[in-house]
Amino acid sequence: MQLPKESGSYVPLVRVAVYTSRRLRRSKHDALAADLIVGLTQVRRLGRAWEDSADTVQGSLADRDAADDGLDDVGQETRLGVASTGVAAVREAPYTQIFPHGVGYYTSAPLDQEVTRYTELKQRLEAHLSATNPIRLDAISRLESSIAEFTAATTEVASAERDQAIARTELVHAARSLRRQLEKTYGLLVSEVGKAKAERYFPKVKSKKAEETGEG
């Protein structure tokens with residue numbers, strides 16, 4: 001008797017348990033079959049929950065990256081607006097006071113510095129452009145909105161990733177329990193009907209590719 005590799009998808013393991021539980025029921029080993037059904041149902045439920053958690057992570061990453069892009073758009077458009085106020089604007093204040101390190105200081109900020117640097121941009125705009133300046137008014141309004149959106153999305157990413165890690169751990173433990181139950185079932189069958197007949201209760205292990213992908 002061979003079982004799918006522990007490092008592969010949970011799906012092949014569930015399929016083995018489904019096959020074996022049906023063979024057990026046909027031979028009137030109802031109690032053994034029932035134990036496997038409980039185990040495989042648990043693994044399938046936790047496996048699907050883990051897959052759903054991955055979808056949640058991707059969705060929250062998309063929201064965070066969209067907010068990041070929104071902040072970068074504000075940075076670029078604000079730079080263009082300030083730079084367009086005169087022929088030599090990029091060499092003079094207020095441009096040099098708002099973008100002393102260039103626009104890339106904001107647009108290429110590491111994710112963990114995103115809020116800090118765009119908050120700095122907001123403060124520089126407030127310090128070096130008049131309260132009625134249209135560039136300042138537009139940029140600050142958009143920055144406040146995008147910073148709040150980015151902060152919320154970043155929190156969602158962290159939460160989703162924690163949930164995914166927990167879901168994965170629960171799946172791994174359930175899968176190990178099901179593997180152990182299959183091994184114990186095999187051992188009992190060998191003692192009752194011999195190895196050759198016990199092997200008939202278990203399907204052949206599929207190829208490595210099918211095992212990893214859950215296909216077949």
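Where in the chain does Lys-28 lie? I will come back to that residue in a moment, after a word on what we are looking at. This is a predicted model, in which local features need pLDDT of at least 70 and side-chain atom pairs count only at pLDDT 80 or more, while totals for chains, interfaces and linings use all residues. Residues are numbered from 1 along each chain as its sequence is written, and side-chain values use heavy atoms, with hydrogens and water left out.

To the opening question, then: Lys-28 sits in the loop between H1 and H2, where helices (H or I, at least four residues) and strands (E, at least two) are DSSP runs, numbered from the N terminus. Lys-28 has a positive phi of about 70°, although it is not a glycine. For background, most residues other than glycine have a negative phi, and most peptide bonds are trans. With a relative accessible area of 69%, Lys-28 is exposed; the word buried is kept for residues under 20% relative accessible area, exposed for those over 50%, and partly exposed for those in between (1.4 Å probe, protein chains only).

Let me now step back to the whole chain. It holds eight helices and zero strands, so that its pattern, read along the sequence, is α-α-α-α-α-α-α-α. The radius of gyration of the chain is 29 Å, well over the 17 Å that the globule rule gives for 216 residues, so the chain is more spread out than a compact globule. That radius is taken over C-alpha atoms, and the globule rule is 2.2 Å times the number of residues to the power 0.38. Along the principal axes, the C-alpha atoms fill a box of roughly 90 × 25 × 20 Å.

Of the 216 residues, 37% count as buried. If we take the contacts with a separation of 6 or more, residues 24 or more positions apart account for 69% of them, a contact being heavy atoms within 4.5 Å. The chain exposes about 12,300 Å², of which carbon and sulfur atoms supply 50%; such areas come from the Shrake-Rupley method with a 1.4 Å probe, and for residues only the protein chains shown count as cover.

Next come the aromatic rings. How many aromatic pairs does a search of the whole structure find? The search finds five, where rings of Phe, Tyr and Trp (its six-membered ring) pair if their centres lie within 6.5 Å, and planes under 30 degrees apart count as stacked, over 60 as edge-to-face and the rest as tilted. One of these pairs joins Phe-99 and Tyr-106, edge-to-face, at 5.8 Å centre to centre and with 80° between the planes. Both Phe-99 and Tyr-106 are buried. Tyr-186 and Phe-202 form another pair, with ring centres 5.6 Å apart and planes at 80°, so this pair is edge-to-face. Tyr-186 lies in helix H6 (residues 134–193), whereas Phe-202 lies in the loop between helix H7 (195–199) and helix H8 (208–213), so the pair ties together parts that are 16 residues apart in sequence. Tyr-186 and Phe-202 are buried as well. Ring pairs also link Tyr-95, Phe-99, Tyr-105, Tyr-106 and Tyr-118 into a cluster.

The peptide bond from Ala-93 to Pro-94 is cis, with omega near 10°, and Pro-94 is found in the loop between helix H2 (30–83) and helix H3 (95–98).

Finally, a few single residues. Ser-146, in helix H6, is buried, with a relative accessible area of 11%. Leaving aside residues up to four places away in sequence, Ser-146 touches Ala-67, Gly-70 and Leu-71. Arg-15, in helix H1 (residues 10–26), is partly exposed, with a relative accessible area of 37%, and its C-alpha atom is separated by 9.9 Å from that of Pro-4, 11 residues apart along the chain. Val-205, in the loop between H7 and H8, counts as partly exposed at 30% relative accessibility. Val-205 and Glu-114 are 91 residues apart in sequence, and 49 Å apart in space, C-alpha to C-alpha. Gln-2, in the segment before H1, counts as exposed at 59% relative accessibility, and the C-alpha atoms of Gln-2 and Ser-159, which are 157 residues apart along the chain, are separated by 38 Å.
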